[in-house]
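Take a walk through this model with the structure open beside you.

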Amino acid sequence: MTNLRRKSSLKRTQQRMAVLFILPALAVYALFVLYPLAMSLWGSFFIWKGLRMVEFAGLSNFSRLFVFPSGARLYGALWHNTAWFFGIMVFQNGIGLLFAWLLFLRDKGAAFFQSVFFFPAVLSPVIVGALWRLLLAPGGVAEWALNGLGLHQGSLTVLGNSHTALGMLIAVDAWNWMGLPVLIYTAGLRQISGQIFEAAKLDGAGNARMLLSIALPLLMPAIGTLTTLSFINTFNQFDIVYVMQGVQGNPSYSTDTLVTYFYRLAFGAEGAVGITDIGLALALGTMLFLILSIGTLMMLRFFDRRTVQL
Amino acid sequence: MSALVNAQRFVISPRLARLPGWTVLVVWTAAVLLPLYILVVSCFKTTAEIYDNRLGLPQSFAFDNFVNAWTRAHLGQNFVNSLIVTGGAVVLTIVVSAMAAYPLSRYRLGWNGIMLGLFLAGIMLPIRLASVELFTLMRNLDLLDSLTGLILVYSAIRIPFAVFIFANFMRVLPSELDEAARMDGAGEVRILFQIILPMVKPAVSIVAIFTAIAVWNDFFFPLIFIFDDRYKTVPLAISVFVGQFRTDWGLVFASLAISMAPILIMYCLLARQIREGVGAGGGMK
C-alpha cells in the first residue's frame, strides 16, 4: 500500500519535473523554429506591403511564381538544384563509395585517409568557396598549372562562363563534402559480416563483383542516408553560390539556386534594388518546404523498403 | 585457404595489383591537401611573390599579412564575436537539450513519444525558408545586430539534433542508476547533472563538436541579422573581404587561414571523435 502510494507520488513528481526540464528547450525551439516556420507557410497566402501582411489572397502568390518574370527564375533555379543533386550523387557519393571500398579492402591506413578526406567538411562553405574562387580565378593557381601542363592556353574563366560555372560549383561542393560518404560507407561496410565476403571469394567472386553484388545491396541504409542528406543539402544550397558567384548566381543566373532566388525576393536583391516581394518569397519558401518534406519522406520510405536483411 | 584464393586471383604479384587502388587514394589526398598547402604558403607571400612563385615556400616567413588581416580588416573583432556566439550556443544547446532528453528518454510519461517526435522533426525542417518571419520576430524582440540573438537562433536550430543524440545515449543506461540515487534522496536535478550526464560524456562531446562546427561555419543568419561591423562573425566578414581586397591575395589568404585556424586545431585534436560522431549521428550541416 505504502509502496503503491510512493510510486504514484513519484509519478506525479516526474510529470511535474518533466515539464520543467523540457520547457527551456521547447520554448527556444518553438519560438525560433516552429513559430516562424508556421507563420511563413500561413503568410504565403497573403498579399504583402513591405514587411506587413495586407490581405488574404488565396493561391495568387503561388500562381505568380510560375509566370513572367518569376517563371524563368524559378525553372532555372529548379533545374540547377536538380542538376546539383545528380552531380553530387555521382561525383561525391559515387566516388565516395569507391574510396570507401578501397579503404575497406586495405584497412591499413584507413583512419589516416578518412581523416584527410573528411577535413574539408569541417570548414565553412564560405571559406571553401573563397579559397576555390581564388584558385580558379584568372591568374590563379589552376590557370597557371593547366597552362604549365599544356592542357589549356591563356586565361582560365571557368567561373565566368555560363556553361561551366555550375559544374565548377558542384565540383567544389563535392570536394567540400567527399569525406562524408567515405565515413558513412566504411562504417556500413564494417557492419557486414566478413563471412559473407569470404564465402563470395571462395565462390570465385572478384573485388568488383563483391562490391556490386554483395556490398551494394547490403549498403542500402547508408545509401539511403546519403541520398536523403544530399537531397536536403542540395535544395538548401546558398553559401557557395553567394561567395563564388554572388547573390544573382552569376554569370547571367546560370548558377542561381532556389535559396539564392528566395533570398533575393525576401531581402530585396531581385529586380530593382531594395524592393522585396515577401508574398512571392513566402510562396517560394512554402513550395520549397513541400518539395523538401515530400521528397525526404518518399526517399526514407523507398530506402526503408529496399533494406536487405540477412 | 585465403592465400590460395589470392594466388588464383592475382596472377601478377598482389602488390602490383594493389597499385591502382593506392594511386586513387593518394591522388585524392593530394587534391585535398594541395589547395590547403597553397593557402598556407601564400599567407606569407606578397601578391607579387604569389604570381612569381606559386607552389614554393615563401622567401621569408613574414607575418605582415596576418597582422594586416587582424588589424586593418578588423578580423580580430570578428574572431571574438564568433567565439562568443559559438561558445554561447554550445553551452545553451547542451544544457537545455540534456535537460529535455532526460525525462523524454527515462521517465514513463505517456506523452514523451509525441514530444520526442516534435523535437526530432526539427532535424529536417528547413529553417532558412522561415527567415523572413524570423527576421520580423528578431526585430520585435530587439535581437537584430546582437550576438545574443544569434546564440538563441543557433541553439534553437541545434536543439533537435542534440535532443536526439542525448536521448539515444541516455535510453540505454541501466534504470538502477537513478533508482538507487532516488532511494538515497537525491533530487531529479542532481540525478541528471551529477549521475546521468557524466555517464553520457561521448554524447556531450558529439553534441559540442557538431554544434561548434555548424555555428562557427554558418554565414546565412549573420548575413540577414547583423548589419553593424562590430557584431559581424568570421564567415560574414570573410565574404565581404574576399571581394573588397581581391587584389591583395596574400591578405585574403591570411584571413582565410586565420578564420579556419580554430577548426583546424580542433580537428587535429579530435579527428577520431569526429569520425565516430558522424557514424553516431550524421547531421553536420
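**A tour from loop to interface**

Begin with Ser252(A), which sits in the loop between α12 and α13 of chain A. The model is a predicted one. Ser252(A) has a phi near 40°, which is positive although the residue is not glycine. Most residues other than glycine have a negative phi, and most peptide bonds are trans. The loop between α12 (239–245) and α13 of chain A also holds Pro251(A). The peptide bond from Asn250(A) to Pro251(A) is cis, and its omega is near -10°.

Now go to another loop of chain A. Pro69(A) lies between α2 and α3. The bond that leads from Phe68(A) to Pro69(A) is cis, with omega near 0°.

Stay with α2 for a moment. Helix α2 of chain A covers residues 60–65 and contains Arg64(A). Which residue does the side chain of Arg64(A) meet in a salt bridge? The partner is Asp277(A), at 2.9 Å from N to O. Asp277(A) is in the loop between α13 (258–267) and α14 (278–305) of chain A. The two partners are 213 residues apart, so this pair links distant parts of the chain. Over all chains, the count comes to 10 salt bridges.

Next, look at two helices that meet. Two packed helices are described by the angle between their axes and the distance between the axes. Here the helices are α10 (residues 207–218) and α11 (residues 220–234) of chain A. Their axes come within 5 Å and cross at roughly 65°. From α10(A), the contact uses Leu216(A), Pro217(A) and Leu218(A). From α11(A), it uses Met220(A), Pro221(A) and Ile223(A). What classes do these residues belong to? Six are nonpolar, none is polar and none is charged.

Rolling a probe the size of a water molecule over the atoms shows where empty space is left. The structure holds two cavities of 30 Å³ or more. The largest cavity has a volume of about 110 Å³. Its lining has 12 residues, and those nearest its centre are Ile88(A), Gln92(A), Trp177(A), Ser230(A) and Asn233(A). Three helices of chain A each give two or more residues: α3 (70–106), α7 (165–177) and α11. Of these, α11(A) gives the most, with five residues. The lining has five nonpolar, five polar and two charged residues.

The second largest cavity has a volume of about 40 Å³. Chain B residues line this cavity, among them Ser82(B), Val85(B), Thr86(B), Tyr154(B) and Trp216(B). Helices α5 and α11 (201–217) of chain B each supply at least two residues. Which helix supplies the largest share of this lining? It is α5(B), with three residues. By class, the lining of the second largest cavity has five nonpolar residues, three polar ones and one charged.

Now put the two chains together. How many residues of chain A are in contact with chain B? There are 92, and they touch 93 residues of chain B. The chains bury about 8600 Å² between them. Carbon and sulfur atoms account for 79% of that area. Three residues, Phe21(A), Phe32(A) and Leu134(A), supply 9% of the area that chain A buries against chain B.

Finish at an open space. The second largest pocket has a volume of about 760 Å³. Its lining has 20 residues, and both chains are among those nearest its centre: Lys7(A), Leu10(A), Gln14(A), Glu179(B) and Arg182(B). Chain A brings α1 (2–43) to this lining, while chain B brings α5 (75–106), α8 (147–171) and α9 (176–183). Helix α1(A) gives the most, with eight residues. The lining of this pocket divides into five nonpolar, six polar and nine charged residues.

Definitions and conventions
Residues are numbered from 1 along each chain as its sequence is written. Chains are lettered from A and ligands numbered from 1 in the order in which they are written. This is a predicted model: local features need pLDDT of at least 70, side-chain atom pairs count only at pLDDT 80 or more; totals for chains, interfaces and linings use all residues. Side-chain values use heavy atoms; hydrogens and water are left out. On a 1 Å grid over the protein atoms alone, a cavity is a set of points where a 1.4 Å probe fits but cannot get out, and a pocket is an open set with protein on both sides within 12 Å along at least five of seven lines; lining residues have an atom within 4 Å of a point. Grid points are joined across faces, edges and corners, and a volume is the space filled by probe spheres set on the points. Helices (H or I, at least four residues) and strands (E, at least two) are DSSP runs, numbered from the N terminus. Ala, Val, Leu, Ile, Met, Phe, Trp, Tyr, Cys and Pro count as nonpolar, Asp, Glu, Lys and Arg as charged, and the others, Gly among them, as polar. Axes are lines fitted to C-alpha atoms, for helices over the stretch in contact, and angles run from 0 to 180 degrees between N-to-C directions. Contact means heavy atoms within 4.5 Å. Buried area is the accessible area (1.4 Å probe) that two parts lose on being put together, summed over both. A salt bridge is a side-chain nitrogen of Lys or Arg within 4 Å of a carboxyl oxygen of Asp or Glu.
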